[in-house]
Amino acid sequence: MKPVIELRGLRKSFGATDILKGIDLVLDEGEFLVFVGPSGCGKSTLLRVIAGLEAAESGQVLIDGHDCTRAHPSERQLAMVFQSYALYPHMTVAQNLSFGMRMRGLSAAEIAVKLERAVRTLKLEPFLQRKPGELSGGQCQRVAIGRALVQQPRAFLFDEPLSNLDAELRLHMRVELAALHRELGSSMIYVTHDQVEAMTLADRIVVLRDGRIEQVGAPLDLYRNPANAFVAGFIGSPAINFFPAAALPTRAPAGAVQLGVRPEHWHCVNLGEPDAVPARVLHVERLGPLSYLYAETRQLGRLCLQLPGDLRVNVGEQLAVQPQPGWVYGFDAQGLRVSADK
Ligand SMILES: Nc1ncnc2c1ncn2[C@@H]1O[C@H](COP(=O)(O)OP(=O)(O)OP(=O)(O)O)[C@@H](O)[C@H]1O
């Protein structure tokens, strides 16, 4: 696979605060990478350093093998799409789409060809003569993506592009973005807080924490094989349940001090069974096909369990629960995964 963007030992500080602490990463041709991590971990800063909007203190940004670390954003052939859309409010959609091309001195014929392609791909025809103020959030974001598209960049950089949209539009745009990626086969980097966006759009997810990469992998690999407790806790919603290994010693892998069991890896058992954990139901969220049950246990603390939607259970009820065999993750004192108990 051919690398489009390669980051080598990237470091970035703001004043005395180190924000990026040595990032090594490759974006391959056609790949969709998604950056996730807690607020303030450096996702947007990393994207901005790649785009050239922030300068790295040290390390390198290579694009198609060329060192672009000091190159101006306009020389990088990357197109960025922001959460805020960043459209010109006084221009029509057509003018917004063609403005950058006019500035770069493209001929009217070239502009028309690229504009037509973007308009067709993003179904913008009905809006061409409208101004951004006359469009919905989703339509504005399509224009912003269209403006990136006409640049025919080597890679697209998306900074939380859907976070201003309501839930229904987000879902719609998520599906459109996935289709766009399939259709164009372009390389993309995407920053999001949204677990579902990360899981469904990414070829690989990059989990960042405090300016460092914790793990990179395909969504289901990260979900099933988290390298450490941080990744196990970050990927998955509702989050994995953690408790001390000593609280469930018969299921603890060797060397584990902490155990983690995802909400879907529990079942209800009879109270008399070995390893049955008595639990009192605190709250039930019924989502239709499944329910999330929040329960208090003396042995393991509070748990979130995913149970079938048709399970009849009420707040205050006493249950007994048990982790499914093979799905108890163990973590050592440093938080590193020692194994699942399979
Ligand atoms: N221009 C700046 N000057 C000083 N500090 C900054 C600047 N930009 C970002 N920071 C700080 O750098 C850290 C990383 O910010 P960044 O926006 O990259 O995080 P993020 O992971 O994208 O966060 P969020 O998920 O909340 O958007 C934060 O602590 C932020 O306050």
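The model is predicted: local features need pLDDT of at least 70, side-chain atom pairs count only at pLDDT 80 or more, and totals for chains, interfaces and linings use all residues. Residues are numbered from 1 along each chain as its sequence is written.

**View 1. The shell around the ligand.** Phe14, Ile19, Gly37, Ser39, Gly40, Cys41, Gly42, Lys43, Ser44, Thr45 and His193 surround the ligand. This shell comprises 3 nonpolar, 7 polar and 1 charged residues; Ala, Val, Leu, Ile, Met, Phe, Trp, Tyr, Cys and Pro count as nonpolar, Asp, Glu, Lys and Arg as charged, and the others, Gly among them, as polar. Helix H1 (residues 43–51) contributes the most to the shell, with 3 residues. Helices (H or I, at least four residues) and strands (E, at least two) are DSSP runs, numbered from the N terminus.

**View 2. Helix H1 and the residue after it.** Lys43, Thr45, Leu46, Leu47, Val49 and Ile50 are the buried residues of H1; buried denotes 20 or more other C-beta atoms, placed from the backbone, within 10 Å of the residue's own. Just after H1, glycine 52 adopts a positive phi of about 90 degrees.

**View 3. The packing of H4 and H5.** Helix H4 (residues 137–149) packs with helix H5 (residues 167–184) at an angle of about 25 degrees, their axes 10 Å apart. Axes are lines fitted to C-alpha atoms, for helices over the stretch in contact, and angles run from 0 to 180 degrees between N-to-C directions. H4 and H5 are therefore roughly parallel to each other, a term for angles under 35 degrees. Gly137, Gly138 and Gln141 of H4 meet Leu169, His172 and Met173 of H5, contact being defined by C-beta atoms, placed from the backbone, within 7 Å. The residues of this contact are 2 nonpolar, 4 polar and no charged.

**View 4. The packing of H3 and H4.** Between helix H3 (residues 108–122) and H4 the angle is about 140 degrees, and the axes lie 9 Å apart. The contact involves Ala118, Thr121 and Leu122 of H3 and Arg142, Ile145, Gly146 and Leu149 of H4. Its residues divide into 4 nonpolar, 2 polar and 1 charged.

Technical notes: Near = placed C-beta within 6 Å. Parallel < 35°, antiparallel > 145°, perpendicular 65-115°, else oblique. Contact = placed C-beta atoms within 7 Å. Buried ≥ 20, exposed ≤ 12 C-beta atoms within 10 Å, placed from the backbone.
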